[in-house]
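Here is my note on the chain shown below. Please read it alongside the coordinates.

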Amino acid sequence: MKLGLRLLQERAKVGSFWWPYISNLPQTYSVPIFFTGEDIKNLQYAPLLYQVNKRCRFLLEFEQEVKNALKNVKPSEHAFGGQDVNASSLGWAMSAVSSRAFRLYGKKLPDGTHSDIPMMLPLIDMCNHSFNPNARILQEQDAGNPKMLIKVVAEREIKRNDPLLLNYGCLSNDFFLLDYGFVIPSNPYDCIELKFDGALMDAASMAAGISSPNFSSPAPWQQQVLSQLKLDGEAQNLKVTLGGSELIEGRLLAALRVLLSNDVESVQKYDLNVLKSLSAEAPLGIANEVAAFRTVIALCVIALGHFPTKIMDDESLLKQGVSNSTELAIQFRMQKKSVIIDVMKDLTKRVKLLLSKETTPA
């Protein structure tokens with residue numbers, strides 16, 4: 001928020017050098033912290049709802065901190081020219097920074113690396129996003145150099161009237177919506193978050209027709225592998241993902257392969273990285289791989305069931321005409337459902353291919 005507070009200071013300062021730039025910043029932003037309560041619910045996706053609520057709570061708490069800090073300050077010493085600083089103005093500043101600032105390297109550290117520092121770059125921040133950019137940012141000196149230069153360099157020929165496009169990052173739609181206020185259709189990096197929960201995994205495997213699931217009560221040697229994957233023990237991180245560049249997060253895939261195997265010796269033959277790799281085709285056998293994929297497909301069915309609406313319902317709502325924030329919320333949840341469906345389609349093809357190999361005579 002340090003850069004956001006500086007932005008508010010410059011906005012309040014009479015005759016600020018930065019006023020021509022600040023006056024051209026959007027007055028409002030289409031990020032979820034400014035959605036109505038109904039449109040926040042319309043997102044229908046618990047991980048994003050958590051992040052939106054977390055940011056809103058932060059702004060309300062930070063508002064009180066700022067007000068307490070300015071309570072007894074003389075008007076002549078007021079950091080914001082006497083203007084009221086509330087959750088709304090702080091939200092505007094945070095949104096301006098999150099949607100327009102670039103993280104560049106700052107001062108050089110003793111180990112030779114550079115500190116990471118957000119910078120607002122007038123004109124450059126008007127470049128739109130693309131996963132297939134035609135330009136990139138080049139920083140020629142570190143932030144401690146008074147002659148620091150930052151350029152936009154063409155990656156290929158750019159014709160007259162073509163927009164300049166930068167890659168904001170290989171991000172999921174959660175980050176694009178939270179920080180920038182837009183959703184990327186068919187985003188190859190979009191994914192869904194799940195919690196690795198034994199009872200949920202048992203339910204999914206049983207729904208998939210897998211006999212003797214033991215996710216809730218793994219054997220000691222299986223628990224040891226789960227600890228190495230940080231899915232058990234003190235340093236556990238139970239958030240796993242489906243979709244994106246991995247299709248199935250490596251930790252989840254390895255856990256499924258191990259928990260659906262009763263052969264400790266076969267598991268111990270392989271490095272953990274092999275068990276985490278989708279390209280390592282059926283390391284523990286075709287039956288094990290099919291069981292793992294079918295369990296993930298069942299997880300996808302369960303995840304889809306958590307959305308109150310279907311894609312057809314969402315498309316119908318968009319055709320009726322809705323507000324901009326409602327449209328964004330609907331587009332976001334549609335893309336999440338599409339991710340789940342795409343994972344199911346991909347894994348279904350993989351299961352059919354594996355079964356065909358199993359039945360093909362040698």
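How many bridges join β7 to strand β8?

1. Five is the count: 5 bridges link β7 to β8 (residues 239-243), and the two strands run antiparallel. Strands here are DSSP runs of E, at least two residues; helices are runs of H or I, at least four residues; both are numbered from the N terminus. Two strands pair if DSSP finds at least two bridges between them. In one of these bridges, glutamate 193 is partnered by threonine 241 of β8.

2. The sheet is open, with 3 strands in the order β7-β8-β9 and antiparallel pairing. β7 (191-195) and β9 (247-248) are at the edges; each has a single partner strand, so one side of each lacks a neighbour in the sheet.

3. Helix α9 (residues 250-259) packs on this sheet and touches β8 and β9. Contact means heavy atoms within 4.5 Å. The direction of α9 makes about 100° with that of β8. Axes are lines fitted to C-alpha atoms, for helices over the stretch in contact; angles run from 0 to 180 degrees between N-to-C directions.

4. On provenance: the model is predicted, local features need pLDDT of at least 70, side-chain atom pairs count only at pLDDT 80 or more, and totals for chains, interfaces and linings use all residues. Residues are numbered from 1 along each chain as its sequence is written, and side-chain values use heavy atoms, leaving out hydrogens and water.

5. Overall, the chain has 14 helices and 9 strands. Its C-alpha atoms fill a box of roughly 80 × 50 × 50 Å along the principal axes. Of the contacts with a separation of 6 or more, 65% join residues 24 or more positions apart.
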